[in-house]
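Me: I'd like to go through this one term by term and see what each label rests on. Here it is.

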Amino acid sequence: MRTFSELEMDALTEAFNLSLGEAASTFSAIVREEIELSVPTIEIVSREELTGRLESAQPAGATERLCRINQHFCAAGGFQTDALLLFPEHGSLEIVRRMLGDDTAIEHITELEQDALAEIGNIIINSCMSSLASLFGSEMHGSLPRVQSRTVHTLLDDKAATDVILVARIGMSMAAHNLHGFVLFIMDVPSIEHFMDRVSRYFKLQLHDMGERV
């Protein structure tokens with residue numbers, strides 16, 4: 001797989017920054033509270049690298065599980081990706097409590113909480129994919145979201161070890177509560193190269209058009 005330039009990664013960051021901003025606005029209306037998202041940090045890593053980083057980010061002896069919301073997408077030309085939204089389980093339950101307008105502490109993910117988390121995944125993931133679909137100039141077809149609770153070690157057990165992971169790390173701020181999550185896009189090598197070529201081509205065209213209008 002070829003390496004990607006700093007300019008290509010900057011363009012990718014801008015694409016996600018715009019799409020996640022739209023998601024935050026919709027999400028704020030649902031939880032009836034202003035939500036701010038930090039500018040995403042974008043990286044392309046292997047499964048082993050990601051697992052190691054998630055493990056090292058946890059406090060020593062911590063056993064907190066991660067809430068994983070997973071959707072599969074495909075588009076014309078053979079492109080396909082698994083899109084995963086990850087939050088610490090405790091933080092995801094806090095979001096659900098606010099979303100449902102329930103002041104009762106939620107300790108475990110029940111069917112009702114799963115439905116609410118699936119809706120959260122729909123908002124954030126599909127906002128990203130809609131933006132990316134405009135880069136591709138073609139429709140993205142997605143599966144229904146699946147909500148699971150997993151440990152860091154089992155997080156990606158059902159994904160191919162040879163796949164590449166595009167990580168968009170986001171910070172989400174609500175009143176008196178900060179939450180850090182990840183949006184992961186798991187692709188095979190041809191898909192990620194095709195994807196990055198489209199991103200690069202789109203932003204070069206935009207820059208060219210802007211230059212002509214000046």
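This is a predicted model: local features need pLDDT of at least 70, side-chain atom pairs count only at pLDDT 80 or more; totals for chains, interfaces and linings use all residues.

Me: Why is the pair of Phe 79 and Phe 195 called stacked?

Reply: Rings of Phe, Tyr and Trp (its six-membered ring) pair if their centres lie within 6.5 Å, and planes under 30 degrees apart count as stacked, over 60 as edge-to-face, the rest as tilted. The structure holds one aromatic pair. Its rings, Phe 79 and Phe 195, have centres 6.0 Å apart and planes at 25°, so the pair is stacked. Phe 79 sits in the loop between strand S3 (66–74) and strand S4 (80–88), and Phe 195 in helix H5 (residues 189–213), 116 residues apart. Helices (H or I, at least four residues) and strands (E, at least two) are DSSP runs, numbered from the N terminus.

Me: What makes Phe 79 count as buried?

Reply: Buried means under 20% relative accessible area, exposed over 50%, and partly exposed in between (1.4 Å probe, protein chains only). Phe 79 has 2% relative accessibility, so it counts as buried. Phe 195, at 1%, is buried too.

Me: What makes the meeting of Lys 159 and Asp 82 a salt bridge?

Reply: The rule asks for a side-chain nitrogen of Lys or Arg within 4 Å of a carboxyl oxygen of Asp or Glu. Lys 159 and Asp 82 meet at 3.1 Å, N to O, so they pass. The pair links distant parts of the chain, with Lys 159 in the loop between strand S6 (146–150) and strand S7 (164–174) and Asp 82 in strand S4, 77 residues apart. Lys 159 is buried at 9%, and Asp 82 is buried at 16%.

Me: How do you know that Asp 158 is partly exposed?

Reply: Its relative accessibility is 38%, so Asp 158 counts as partly exposed. Asp 158 also forms a salt bridge with Lys 159, the closest N and O atoms being 4.0 Å apart. Salt bridges that share partners join Arg 68, Asp 82, Arg 150, Asp 158 and Lys 159 into one network.

Note on methods
Residues are numbered from 1 along each chain as its sequence is written. Side-chain values use heavy atoms; hydrogens and water are left out.
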